[in-house]
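Please find below my notes on the model. They begin with the core and then move to the sheet and the overall counts.

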Amino acid sequence: MQPRNMSMSGVVDLAAVKAAQEAKAKAEQARAEAARQGGGPAAVSPSSLVIDVDEAGFERDVLQRSTEVPVVIDFWAEWCEPCKQLSPLLERLATEYSGRFVLAKIDVDANQMLMQQFGVQGIPAVFAVVAGQALPLFQGAAPEAQIRGTLDQLIQVAEERFGLTGIAVDGSAVDAEGAAPVVEAPAGPYDALLEAAVRALDAGDLAGAVQAYKNVLSDDPGNSEAKLGLGQAELLQRVQGIDPQQVRRDAAEKPQDVAAQIAAADLDLVGGHVEDAFGRLVDAVARSAGDDRNAARVRLLELFELVGSDDPRVTTARTALARVLF
């Protein structure tokens with residue numbers, strides 16, 4: 001699971017990485033301020049884990065809160081029969097998870113604008129907001145086991161990519177198994193290096209960002225945030241300083257030139273034209289052979305990683321690639 005635009009493309013996804021670091025920084029600042037004042041974050045009551053949200057309070061209750069804890073949004077209505085099954089289940093899980101997420105309930109009849117902004121087509125519909133970014137979770141009354149799995153993935157994403165480890169719940173509130181309230185985890189060992197990479201990106205130092213991400217991966221090859229950041233920084237580095245019009249002219253005039261198609265595909269992705277980038281490289285694979293074909297295939301797989309394997313455009317392009325390869 002990836003935060004959406006956590007279904008991200010090029011520059012959009014790069015912004016998500018930056019947002020993750022900013023969310024971590026905000027959480028660290030809050031902890032430092034609490035420590036300076038002689039205490040930790042105030043524990044919330046169990047009733048605060050489930051809240052009714054309207055358009056007027058959305059920014060405060062959802063967007064701002066999502067920089068501290070994942071906010072799960074339940075879009076519902078009084079007339080919706082499946083909602084009457086799902087909403088109580090989500091409320092019970094919010095209490096059971098004891099501060100790992102907050103449940104925000106939005107009545108779609110009273111909040112049509114929010115329904116439209118999230119692109120809700122039917123209810124019940126469940127979304128999450130993490131560090132200000134929306135993530136669609138599921139639609140309809142899903143089984144409890146599936147919902148638990150989705151929530152577990154959401155919590156993992158929030159912790160690993162955004163440094164959000166939940167909020168403390170009043171000590172008198174424990175789950176059915178007697179679990180203790182959640183305690184904020186310390187910053188990870190590579191946070192400083194990842195922050196250095198983001199600072200380098202902000203300064204336009206793409207080479208510095210690439211090196212910072214490589215420094216993380218040299219010690220922790222499986223670090224997903226560094227892998228994603230490195231791929232994005234390298235993509236931006238490849239298109240830096242080129243003449244877009246010349247690249248596109250070369251690609252149009254030389255359809256058999258795989259290098260020209262790869263360069264144009266990079267530009268497509270940076271510009272947010274995901275389907276164009278994928279289609280261009282699938283065609284290049286189909287038309288070429290040997291080293292050229294492999295180069296187009298490898299670049300296409302790299303771009304798949306940047307956009308995210310759960311994005312439907314990736315699924316469609318993978319199918320198209322399989323057809324031309326086999």
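1. The largest nonpolar core has 27 residues, of which Phe 58, Val 62, Ile 73, Phe 75, Phe 118, Val 120 and Ile 123 touch the most other members. A nonpolar core here is a set of buried Ala, Val, Leu, Ile, Met, Phe, Trp, Tyr and Cys residues joined through side-chain atoms within 4.5 Å; buried means under 20% relative accessible area (1.4 Å probe, protein chains only). Two or more residues each come from α2 (58-64), β2, β3 (102-107), α4 (112-117) and β4, with β2 giving the most, 4 residues. Helices (H or I, at least four residues) and strands (E, at least two) are DSSP runs, numbered from the N terminus.

2. This is a predicted model, in which local features need pLDDT of at least 70 and side-chain atom pairs count only at pLDDT 80 or more, while totals for chains, interfaces and linings use all residues. Residues are numbered from 1 along each chain as its sequence is written, and side-chain values use heavy atoms, with hydrogens and water left out.

3. Beyond its neighbours within four places in sequence, Phe 118 is in contact (heavy atoms within 4.5 Å) with Phe 58, Ile 73, Phe 75, Phe 127, Val 129 and Ala 134. A second, separate core of 25 residues includes Leu 103, Ala 131, Ile 147 and Leu 151.

4. The 5 strands form an open sheet in the order β1-β3-β2-β4-β5, with mixed pairing; two strands pair if DSSP finds at least two bridges between them. β1 (50-52) and β5 (133-139) are the edge strands, each pairing on one side only. The twist from one strand to the next averages 25°.

5. In β2, 6 of 6 residues are buried. Val 71, Ile 73 and Phe 75 point one way from this strand, and Val 72, Asp 74 and Trp 76 the other way. β2 runs parallel to β3, joined by 6 bridges, and pairs with β4 in the antiparallel sense over 5 bridges. Asp 74 stands opposite Lys 105 in β3, and its bridge partner in β4 is Val 126.

6. Strand β4 (residues 125-130) is joined to β5 by 6 bridges, and the two run antiparallel. Val 129 has Ala 134 of β5 as its bridge partner. Helix α5 (residues 144-162) packs on the sheet, touching β2 (71-76), β4 and β5.

7. Overall, the protein has 13 helices and 5 strands, and buried residues make up 47% of its 326 residues.

Note on methods:
Buried means under 20% relative accessible area, exposed over 50%, partly exposed in between (1.4 Å probe, protein chains only). Axes are lines fitted to C-alpha atoms, for helices over the stretch in contact, and angles run from 0 to 180 degrees between N-to-C directions.
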